[in-house]
Amino acid sequence: MKALHFGAGNIGRGFIGKLLADAGIQLTFADVNQTVLDALNERHSYQVHVVGEQKQIDTVSNVNAVSSIGEDVVTLIADVDLVTTAVGPVVLERIAPAVAKGLVLRRTNGNEKPLNIIACENMVRGTSQLKAHVMKVLSEDDQAWVEQHVGFVDSAVDRIVPPSESATNDPLEVTVETFSEWIVDKTQFKGDLPNIPGMELTDNLMAFVERKLFTLNTGHAITAYLGQLAGHQTIRDAILDEKIRAVVKGAMDESGAVLIKRYGFDADKHAAYIQKILGRFENPYLKDDVERVGRQPLRKLSAGDRLIKPLLGTIEYGLPHLNLVKGIAAAMHYRSEQDPQAQELEQLLAEKGPQATLAEISGLDANSDVVAQAVDAYNGK
Ligand SMILES: NC(=O)c1ccc[n+]([C@@H]2O[C@H](COP(=O)([O-])OP(=O)(O)OC[C@H]3O[C@@H](n4cnc5c(N)ncnc54)[C@H](O)[C@@H]3O)[C@@H](O)[C@H]2O)c1
Ligand SMILES: O=P(O)(O)OC[C@@H](O)[C@@H](O)[C@H](O)[C@H](O)CO
């Protein structure tokens, strides 16, 4: 089996790429970072430090790399059995034209083997969004061929992988937590279902995606935003701050109440899921900066993402949301010199004030009670 993986970053090298290579799949990474591409093509291997109470160093071998800009990826898409991505939600649209070109070449070459494409991003049904971008640029004829031969498979992906703290400045080394979970929608595959150790198949993906995104990522983001406000540099320091922990746990409980109502999760098992996540945030073996976890605040404050979507659920079911609102207010205070979205947020706040800014970014009604509550929290009331 051959696979092409877009994005040789933290989750690409530290989780999805590792899992595919470990399964004996012939793996090529596609990226735009020339340093990473060159290192992969010189060594064809790299080290993954798996850290937790038990530590181990795994070597991922027999991997290649190509630039994702150019014809190499097009040729590969015409040939491989599996395409995966971990590039970040905003980049999916940028890789779609190359994916479309590769699919047209596959059809021209008469390659009728099933191909499956799986986006491994922190978003709800990211692969379906990639599919929409790809279909947009195809002719009707090609679209029909793609519908028949290509599976666009949505997934939920969970493993905390901060940028490596390599003592050797190795651009390929990556440090990951022990926990990992990759759940894919088995109803969307074309051809035989794959048997890849570490990939779990489900016919109930939405429950898993929302459980992960609106528990772990909701709590993670609020830890980052409150952490930065309180002057903490890392997620561990932030979550060990009792005042922050109470709000984070409260927000995960509020979001959890929505998930329990929507998907019928067992309340005790969900409480245990939250406890386990709090432990993962505390991991003493990982250095995860609040600035990585808080990155792209406009995305995180958008209507379908980890802060607003759970809040909308609490409103739908008439449930409490005090802690979610505190998290949203803290997100509006997020600042980062490296992050264009943080700067745009700051500019919007300066131009329009918190009420109009929050309404514009989140799609919430500017005159709603909840926006008024968030503005009060933002103003420290
Ligand atoms: N790091 C984590 O803990 C984690 C866990 C679960 C899910 N995710 C999700 O995985 C995705 C990637 O996150 P990450 O932390 O690995 O980020 P990252 O920045 O470490 O990796 C992204 C990689 O994509 C590459 N890239 C950018 N534009 C590209 C393009 N046009 N073509 C090919 N490659 C391109 C970058 O050079 C980089 O190597 C995100 O959607 C994130 O939400 C991350
Ligand atoms: O990748 P983002 O920016 O969507 O979210 C930041 C972190 O919360 C995220 O990367 C987590 O580490 C990850 O989702 C754990 O599975």
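This briefing describes the surroundings of two ligands in a predicted model. The shell of ligand 1 holds 24 residues, and 15 residues surround ligand 2. The protein covers 84% of the accessible area of ligand 1 and buries 94% of that of ligand 2.

**Ligand 1**

- Ile 11, Asp 31, Ser 68, Glu 121 and Val 161 are the residues that come nearest to ligand 1.
- The side chain of Ser 68 places an N or O atom 2.7 Å from a nitrogen atom of the ligand.
- Glu 121 has a side-chain N or O atom 2.5 Å from an oxygen atom of ligand 1, and a polar side-chain atom of Asn 122 lies 3.1 Å from an oxygen atom of ligand 1.
- On its own, ligand 1 has 820 Å² of accessible area, of which the protein covers 84%.
- Helix H1 (10–22) and strand S2 (26–31) are the elements that give two or more residues to this shell.
- By residue class, the shell comprises 13 nonpolar, six polar and five charged residues.

**Ligand 2**

- A polar side-chain atom of Asp 158 is 2.6 Å from an oxygen atom of ligand 2.
- For Arg 292, a side-chain N or O atom is 2.8 Å from an oxygen atom of the ligand; for Lys 300, a polar side-chain atom lies 2.8 Å from an oxygen atom of ligand 2.
- Ligand 2 exposes 400 Å² when taken alone, and the protein buries 94% of that.
- At least two shell residues each come from strand S9 (155–158), helix H7 (205–229), helix H11 (290–293) and helix H12 (297–300); H7 supplies the largest share, four residues.
- The shell around ligand 2 contains four nonpolar, three polar and eight charged residues.

Note on methods
Residues numbered from 1 in each chain as written. Chains lettered and ligands numbered in written order. Predicted model: local features only at pLDDT ≥ 70, side-chain atom pairs only at ≥ 80, totals over all residues. Heavy atoms only, no water. Near = heavy atom within 4 Å. Polar contact = N/O pair within 3.5 Å; in protein donor to acceptor, adjacent residues only side chain to side chain. Areas by Shrake-Rupley, 256 points an atom, 1.4 Å probe, with all protein chains shown as cover. Nonpolar A, V, L, I, M, F, W, Y, C, P; charged D, E, K, R; others polar.
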